[in-house]
Amino acid sequence: MPTPFELNNESLYQRWREQKLARAPASVSELIIEVNDPYRLSANEHAALLECCRRSNMVIYAAQQHSADKDIARKVGAQFGLTNLDANWLAGEDGISEIKVSSPADQSRQAYIPYTNRPIKWHTDGYYNAPERRIRGMLLHCSHSAATGGENRLMDHEMTYLQLRDTNPDFIRALMAPDVMTIPARTDDDGVARAEQSGPVFSVDENGKLHMRYTARTRSIEWKQDDISRAAVACLEQLLAADSPYIYSARLEAGMGLLCNNVLHDRSGFNDNPDSPRLLYRARYYDRIAGS
Ligand SMILES: [Fe+2]
């Protein structure tokens, strides 16, 4: 499958690049699409959400109807061909996680940042997963927002690739090396025990689609220590720290949800209203959004 993401196809890359830049959302408002009922999207709503995902690998729906149970993630995902959930023991039987501040009594989750109110650095989901459990799609539905904070910054990983390749194609070569990023054996951010995992940051799947595996955390991660890998990682860190028209910031309110092809994201710290603490449902899928 011809793909703009291999370094040996410069003309295809240039054509793709031009389109990508021309169609990039100019502001976060272009990423937010109002829908009536996310359980049953109309044909027009579905088409609008999908079109946004084609442009930027992500969309935020904003539902007028707010009542949602845990099943919302499954129901929205299924409308976009997302069916193969990545289940883990903390997520419960159905593979959908309730992201909220865990009680001090819940020792199993207390140690893991997603279940606290602390900020989470830039990452893609499942960066510690083995290749056969690569997370291609992700859905985050907000049931209750925090009293203050809890914003997400978002960046299309294809745009990150584009900016790195424009800076220096050798950075892409380095970040595609199968040993560039190693997560030592331990438990992952959700508390799931796993073996050491080496792999590339950028990889291209059998359909020519780009996948990114990344975390900005500095503990429990080992980067390849040659000059070009270090320079590539430093450049990536700078891109994510800079003011960029391609980094969007959004706060999910009740009834809003992020549907994406596992784009780069972070989360600011937050404070809860004890009467209605922040609650998000998160589903991770092995699938990409169909048709995106
Ligand atoms: Fe995440």
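Some ground rules before I go on. This is a predicted model, where local features need pLDDT of at least 70 and side-chain atom pairs count only at pLDDT 80 or more, while totals for chains, interfaces and linings use all residues. Residues are numbered from 1 along each chain as its sequence is written, and side-chain values use heavy atoms, with hydrogens and water left out.

Terms next. Strands (E, at least two residues) and helices (H or I, at least four) are DSSP runs, numbered from the N terminus. Two strands pair if DSSP finds at least two bridges between them.

Now β5, residues 137-144. Buried means under 20% relative accessible area, exposed over 50%, partly exposed in between, using a 1.4 Å probe and protein chains only. In β5, 7 of the 8 residues are buried, so the strand is largely enclosed by the rest of the structure. With β19 (279-285), β5 pairs antiparallel over 7 bridges; Met-138 stands opposite Arg-284 there. With β16 (256-260), β5 pairs antiparallel over 4 bridges. Here His-141 faces Gly-257.

On to the metal. Which residues are the protein donors of the iron ion? His-123 (NE2), Asp-125 (OD) and His-265 (NE2), lying 2.1 to 2.2 Å from it. Donors are N, O and S atoms within 2.8 Å of the metal (3.2 Å for Na, K and Ca); water is not among the atoms, so sites may look incomplete. The sequence spacing is H-x1-D-x139-H. His-123 and Asp-125 are both buried.

Last, backbone angles. Asn-57, not a glycine, has a positive phi near 60°. Asn-57 sits in the loop between α2 (43-56) and β2 (58-63). At 2% relative accessibility, Asn-57 is buried. Ser-220 also has a positive phi, near 55°. Its loop runs between β13 (210-212) and β14 (222-223). Ser-220 is partly exposed, at 28%.
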